[in-house]
Amino acid sequence: MKLEIVQAGDPVLRQVARPLHRDEIISKDLQQTIADMLETLRLAPGVGLAAPQIGLDVQLAIIEDREQYQNSWTKEQLLARGRVPINFHVLINPELEVPAGETVEFFEGCLSVAGYTAEVARHSRVRVRYLDERGDPQSVEAKGWYARILQHEIDHLNGTLYIDRMNSRTFMTLQNYIDRWRNKENSTGCLSGS
Ligand code: ZN
């Protein structure tokens, strides 16, 4: 079932989500929620969706970056972003660890701030420990765009939106970004002259 994605201004997006217990994770209800979130994410379409975005204040998010989403970008743009397809997976009660390293700035958007985008600095590498949909512990070391998605989704579970971290002078409509700016970014993603 397709779910409604709540928009900025809904208080649930500003709450710190609560961790899920193992019994809840393996419950039918939660498994159905995960299936509904995946359907909603694919229809949006988007590469990540956190439970607060569908009105639930629990530490659950899903990620999927499908190959076909990458068609509108050039090889150079994908390479600069370190963007490769990421298989669907579920993150529950994630803990983000940021090794010392650089940050990178690229434009990102959010399904809960629909129609807008801005440049956001993110750590280029992260490690995340989390539980999967069976409640089993997992750990992932991620870089590039995948690391950005993980940081964005985990921010949602802490009541943070990308607009809290953005370079505010780069905030713009998605349409203006596509029409005027997307192909003028330099190789680091920064706007020329910004
Ligand atoms: Zn978002």
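**Entry 1: the sheet.** I began with the strands and found an open sheet of five, in the order S1-S2-S3-S6-S7, with antiparallel pairing. Strands here are DSSP runs of E with at least two residues, numbered from the N terminus, and two of them pair if DSSP finds at least two bridges between them. I noted the edge strands as S1 (48-50) and S7 (137-143), since each pairs on one side only. The twist averages 40° from one strand to the next.

**A note on the model.** This is a predicted model, where local features need pLDDT of at least 70 and side-chain atom pairs count only at pLDDT 80 or more, while totals for chains, interfaces and linings use all residues. Residues are numbered from 1 along each chain as its sequence is written, and side-chain values use heavy atoms, leaving out hydrogens and water.

Entry 2: I followed S6 (residues 125-131) along S7 and found antiparallel pairing over seven bridges. Opposite Gln138 in S7 stands Tyr130.

**Entry 3: the helices.** Helices are DSSP runs of H or I with at least four residues. H4 packs on the sheet and touches S1, S2, S3, S6 and S7; contact means heavy atoms within 4.5 Å. The direction of H4 makes about 125° with that of S7. Angles run from 0 to 180 degrees between N-to-C directions, with axes fitted to C-alpha atoms, for helices over the stretch in contact. I also saw H2 (residues 28-43) lying across S1, S2 (60-65) and S3 (86-97), at about 40° to S2.

**Entry 4: Arg169.** I located Arg169 in the loop between H4 (144-157) and S8 (172-173). Is Arg169 buried or exposed? Arg169 is exposed, with a relative accessible area of 81%; exposed means over 50%, with a 1.4 Å probe and protein chains only.

Technical notes. Buried means under 20% relative accessible area, exposed over 50%, partly exposed in between (1.4 Å probe, protein chains only).
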